[in-house]
Amino acid sequence: MDFNDTPEQAAFRAEVRTWLAANAEAKTGSKRSLNRRIDSDRGLEMAKQWQQKKADAGYACMHFPKEYGGQGAPIIHTVIYEQEEAKYDVPTGFFSIGLGMCAPTMMAYASEEQKQRHVPPMVRGEEVWCQLFSEPGAGSDLAGLRTRAERDGDEWVVNGQKVWTSGAHYSDYGILVTRHDPTLPKHKGLTYFFLDMRSPGVEVRPIKQISGASDFNEVYFTNVRIPDSQRLGEVGAGWQVSLTTLMNERLAVGGAPPPDAADLLALARGVELEGRPALEDPATRARIAEWYVEAAGLTHIRSRSMTALARGETPGPESSIAKVVSAPKLQEVSSYGADLLDMAGILTDPQQTLSDALFQSGYLYAPGLRIAGGTDEILRNIIAERVLGLPGDIRVDRDKPFNEIPSGS
Amino acid sequence: MNFDFSDAQKALKKQTRDLLRQVCDLTVPRRVLEGEEPYADEVWKALVDMESPGIAIPEQYGGLGFGYLELCVVAEELGRSLAPTPFSSSVYLATEAILLAGTDEQKQQYLPKLAKGEIVGTFALSEGSGALSEEKLACAFADGALRGAKTPVPDGDVADFAVVVARDGDADGASLALVDLTADGVERTTVATLDPTRSHARVAFDGAAAQRLGAAGEGWKLKDRVFDRAAVLFAMEQLGGSDACLAMATDYAKGRYAFGRPIGSFQAIKHKLADMYIKNELARANDYYGAWALSTDADELALAAAAARVASTEAYHYAAKENIQTHGGIGFTWESDCHLFYRRSKLLSLNLGSARVWKDRLVTALEAQHAA
Ligand SMILES: Cc1cc2nc3c(=O)[nH]c(=O)nc-3n(C[C@H](O)[C@H](O)[C@H](O)COP(=O)(O)OP(=O)(O)OC[C@H]3O[C@@H](n4cnc5c(N)ncnc54)[C@H](O)[C@@H]3O)c2cc1C
């Protein structure tokens, strides 16, 4: 074991550090910056500028092939870059769906011409993409989706509704799974496309989250015409293409946003409980220790994944536990941080509470993290069935024609 | 053995529940959440018309003279409906403090009006981040005047008066002080909280006229006794709320389909809901025992109240967050009612001091009971 970079990686890291130091502002210790509110227009503009700058310098999506805007570099370079960038206060979050999920799917299934047209603008932050998968009746059970695509010559006509589409309101393109034949078994009647979000008949309506912000949307399709050339995969192969996207989603899930054990430590240092610093309270110390162990475990699992990646291998199944550990942890850390503030733990005005109300905002966004990108329950099913090899649920829906499956309505 | 409420108490519970169903369905807390009103006046008036604020106030002071079991059943229903009113501040805290520590004159002055809902009271302890100790109190009472600031004070922006825990200039330690919040020398500012359906304020005193409540220097102990009593009532509200979450989640799990089945047929969801039920029933048993201890002023009150508080806080935290989880994406939306309970559960868990404080009190009470 050796946590040092190879000489080649070290040289690359040094180069990245120099570039970041010259081009971005380091995060300061006292005020850890929150995830920028992704619905703010200014935030998007800043993020686009930063992505552009990064791309100009050759640091954006380095592992993508050169012809699609990357550097054809080993993936470990991307990982090293991201580790270093995480120390800087730069706007991120707008491109993770596009670059993490849409671009890999396009690279796997789009025509050469389409790849050259669409991937580089994504890498440069010029075009933003969203994922049009979930529907009111199809979330965990994605293959239960109903949005209809009917063929009309060289085009498809799409009608239906998607929901929870993060970033649809500022996206230029989207990846879309539809049902072309409701009489086939559910996984067989799906067909996958990409489309221009400005196509006639696409209507985006924002949804307000429990915090009051609107990061996701409902998207309605009324006779939206999509050229057959924008189909990804064969007619009826939508499920297999979706799995490519979802596999990348799991890889894209990185560290959870704050607060974490370190934030709790900082808070416990600054707050008094019954006349002495909370950090002297053994019960508080025990909680910090428990959450540190979880966070450190995930960090070290990432190091193991990196090792595999650096060797050109696939990370082991242990990397699948990241979100199911970090999302509930975020919720409990947030709740406990508020408890340390005691009666004042309810205050949400950053001016009036220690830690800039970090714990209160964490309390309000953690529930979403436990649901987005696979719920806690679905992730446990996946671990049980795909990692441990336990038998799957007895299915009542797999082989029936889709339109005969019970839906409760 | 008869560990149950009487028929009359059950009838009162049903009457309160029916009334709240009529005047306070979930559109009411939502209206307060989204609007500018500090509380729902029509709900408060309906409770006052039922003489609910005076349930536990003796008849000689203008109340109904029922007991605390009656007040407890009302509290459970208030929690279930998320009623956005100053009831808890005025009834569980201010009224209890005066009943416990007031002179006959003070009782005559305040209780009849509290019973009729003509005035609203509150209780001010917190001075900002962290859990206070008597030694660290900054707010001071001297020469009949208060100086210093309290935040957050529940209903501090709407209450007519407050019972304030303050360092006493004429005694060793803290005293309770009664202060008119509408008088000179009081400045109040509404503060933003996790649950805007219950208004809170920062209240600053700059020489505001005040009178002592209870003996000089006994304020901290009196505060503890008031909090023991209020803890049972808060726990009842928490129980009502976690019951409502369980009902919501169970209902949703029966009607929502995934993979061709109701999601409630998946054991991950079944066990989650069963766990919610288990926590709620453990809380209910502790709460009802706390209600008995409160109604009889039993020696066990400190232990029973802390147990009720700890069990209910845990039950409501779990029920509120797992209710969202059971709903999936829809549960994370503003439009769904799930977050109303998620917000209220955190608010109630902190209003009287956090779970860690109550766990500490619980073990202290347990130590006293098992004296070595
Ligand atoms: C913040 C956020 C952002 C999102 N962004 C996007 C996006 O950009 N694009 C997109 O397409 N989607 C997005 N989603 C949708 C997300 O993928 C779904 O919400 C999620 O998959 C759950 O689906 P659902 O909401 O329909 O809940 P349901 O599937 O109805 O689940 C309800 C409950 O049932 C449980 N359940 C369901 N099936 C099983 C089972 N087999 N075993 C055990 N339990 C089960 C779930 O765990 C959950 O507790 C987002 C969601 C959130 C919260």
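Colleague: Why is the ligand site said to be shared between chains?

Modeller: Keep in mind that this is a predicted model. The shell around the ligand has 29 residues, and the closest include Ser140(A) and Thr375(A) as well as Arg256(B), Gln325(B) and Gly329(B). The site is shared because the residues that surround the ligand come from chains A and B.

Colleague: Nice! Which helices and strands each supply at least two residues of that shell?

Modeller: Let's go chain by chain. Chain B brings in helix H8 (267-296) and helix H9 (301-327). From chain A come strand E3 (155-166) and helix H11 (376-387).

Colleague: How much of the ligand does the protein bury?

Modeller: An oxygen atom of the ligand lies 2.6 Å from a polar side-chain atom of Ser140(A), and an oxygen atom of the ligand is 2.7 Å from a side-chain N or O atom of Glu377(A). For Asn381(A), a side-chain N or O atom is 3.1 Å from a nitrogen atom of the ligand. Taken alone, the ligand exposes 970 Å², and the share of this that the protein buries is 92%.

Colleague: Let's move to chain B. Is strand E3 (residues 145-154) of chain B mostly covered or mostly uncovered?

Modeller: Here a residue counts as buried when its relative accessible area is under 20%. In E3(B), 7 of the 10 residues are buried. That makes the strand mostly covered.

Colleague: Which residue of E3(B) is the bridge partner of Phe141(B)?

Modeller: Strand E2 (residues 140-142) of chain B pairs with E3(B) in the antiparallel sense, over 3 bridges. Their hairpin has 2 residues between the strands, and Asp143(B) there takes a positive phi near 50°. The bridge partner of Phe141(B) is Leu146(B).

Colleague: And in E7(B), what is the bridge partner of Lys150(B)?

Modeller: Strand E7 (residues 200-213) of chain B runs antiparallel to E3(B), and 8 bridges join them. In E7(B), Lys150(B) has as its bridge partner Val203(B).

Colleague: One last thing: what covers the buried residues of H2(B)?

Modeller: Helix H2 (residues 27-34) of chain B has Val28(B), Pro29(B), Arg30(B), Val32(B) and Leu33(B) as buried residues. Their cover includes these helices of chain B: H1 (7-23), H3 (41-49), H4 (68-81) and H10 (338-351).

Technical notes
Residues are numbered from 1 along each chain as its sequence is written. Chains are lettered from A and ligands numbered from 1 in the order in which they are written. This is a predicted model: local features need pLDDT of at least 70, side-chain atom pairs count only at pLDDT 80 or more; totals for chains, interfaces and linings use all residues. Side-chain values use heavy atoms; hydrogens and water are left out. Buried means under 20% relative accessible area, exposed over 50%, partly exposed in between (1.4 Å probe, protein chains only). Helices (H or I, at least four residues) and strands (E, at least two) are DSSP runs, numbered from the N terminus. Contact means heavy atoms within 4.5 Å. A residue is near a molecule or strand if one of its heavy atoms lies within 4 Å of it. A polar contact is a pair of N or O atoms within 3.5 Å; within protein, one must be able to donate a hydrogen and the other to accept it, and residues adjacent in sequence count only if both atoms are side-chain atoms. Accessible areas come from the Shrake-Rupley method with a 1.4 Å probe; for residues, only the protein chains shown count as cover. Two strands pair if DSSP finds at least two bridges between them.
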